[in-house]
Amino acid sequence: MKKYFLILFLPCLIIAQVREKDFENILIEISENYREANDGLTEELTRLHETPLNINSASFSELLALPFLDETDAKNIIALRKKFGRINSFSQLRKANISKAKINYLKYFSYVIRRKAGVQISGLNIGFQTRGAVKIPVSKGFRNGAYEGNFLHSYFKLKTNYNEDWELAALIEKDPGEKKFNDFQSFYLLRKNILGNLNVILGDYQIEFGQGLLFWSPYSFGKTAAATEGIIKNSHYVYGSQSSNEAHYFRGFAASLALRSIKAFVFYSMRNYDARLDSNSNIFTSIINTGFHRTQTENSNKDALKSSSLGIILHYRLNDFNSIGLSFAVQKFNRKAIPHSQLNPIEKNIFASGSFNFSLKNLFLNGEIAYGNKSFASLVALSANFGNKIKAVALFRLYSSNYFSAWSAGFGEYNSTNNEEGIYFALKFNEPFALFNV
């Protein structure tokens, strides 16, 4: 039976203009040219838009986090900065061989001179976003009365910052069929630049590291039609969570300290997972990642499993383009659980991981080796850019069947970084008349 959808976008309260009027068109263009469109991509691009990069201070990896820039683009921008001392306008990027289309995209995700959107009161910037959707016809769960709530999907997000040093964000979401309008709530408070180089965050946050074998955010992409894009990850490390993904986040405390070429991150998280409990064994047989709480059964599984985690991340930058990283973490559940169907019940898991990013002219080598649940996962990728015309990527991955991390999102065929082995090759030919992905 065909399903029809009616989308209602509630007007953004003009307390703040979260997006420019044509930002939606930019999202569509980037999705068509660089990634396949999905909710994760939209949320990630929106987050990058709301926290734009300073084009004069952004690192190599921060520039590469923008999906439309490749390694050559990032190197050329940094070389241009060094040559002229700073970049004074976006048009100056033409001297770095950045295309006009990419320069136009950069205007939405970076700045030369900071221009804030939203209401500004003595250094205070406030933004608010809301949207809703109704599905027609309603699904079987509404017709038979299994769903306890109404058919409205609602989403509210508030974000404020003060003088670039304080940042506060809150999100409330309700899926169709859920009873409470605040079924999912997320919040964080970020204090930046304490004594110049210390950042502290309280509330919900995301962690990204290496190639996503141990830590990554919900914003992750596997194989897409854009064969060479999104394969190699570039991490933001620790940042406030603005995602509506109800399964993938940390909740607690995190801090980062920058000392010359070294960055150190520490975190502690305590949160609940939706999970199914086997009444006979008193073991949780699976962790549920859907985030739905519509029926009596789904509500009985809500927040059933408690978890705490503690960890540290170290990142050492050898120079602008080469770096290594180490991470260590411990996760504990309040009782034995089987987080993945192929695993034995676990109550405590110890993790360790090492990552590397090296470059030599137009060659780039990236990888990560991770340990978890007494097993290993590894990924190594080699890419090459030949001007703006050709890009090639070769990637090898080996994920043990027993490897498990609740926070991973490594590249692969499936959603889990588990029980997978393979070699991936991709080529992109960019010609004036066409774009070929192989």
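This short talk concerns the aromatic rings in the structure shown above.

The model is predicted, so local features need pLDDT of at least 70 and side-chain atom pairs count only at pLDDT 80 or more, while totals for chains, interfaces and linings use all residues. Residues are numbered from 1 along each chain as its sequence is written, and side-chain values use heavy atoms, with hydrogens and water left out.

A pair of aromatic rings is described by the distance of the centres and the angle of the planes. Rings of Phe, Tyr and Trp (its six-membered ring) pair if their centres lie within 6.5 Å; planes under 30 degrees apart are stacked, over 60 edge-to-face, and the rest tilted. The structure holds 20 such pairs.

In one of them, Phe-250 and Trp-407 have ring centres 5.3 Å apart and planes at 35 degrees, so the pair is tilted. Phe-250 lies in strand E11 and Trp-407 in the loop between strands E19 and E20, so the pair ties together parts 157 residues apart in sequence. Strands (E, at least two residues) are DSSP runs, numbered from the N terminus. Phe-250, at 1% relative accessibility, is buried, and so is Trp-407 at 3%; buried means under 20% relative accessible area (1.4 Å probe, protein chains only).

Next, Tyr-273 and Phe-333 form an edge-to-face pair, 6.5 Å centre to centre, with 70 degrees between the planes. Tyr-273 belongs to strand E12 and Phe-333 to strand E15. Both residues are buried.

What lies over the face of Tyr-273? Arg-271 does, at 4.0 Å from the ring centre. A charge sits over a ring if NZ of Lys or CZ of Arg is within 6 Å of the ring centre and within 35 degrees of the ring normal.

Terms used:
Helices (H or I, at least four residues) and strands (E, at least two) are DSSP runs, numbered from the N terminus. Buried means under 20% relative accessible area, exposed over 50%, partly exposed in between (1.4 Å probe, protein chains only).
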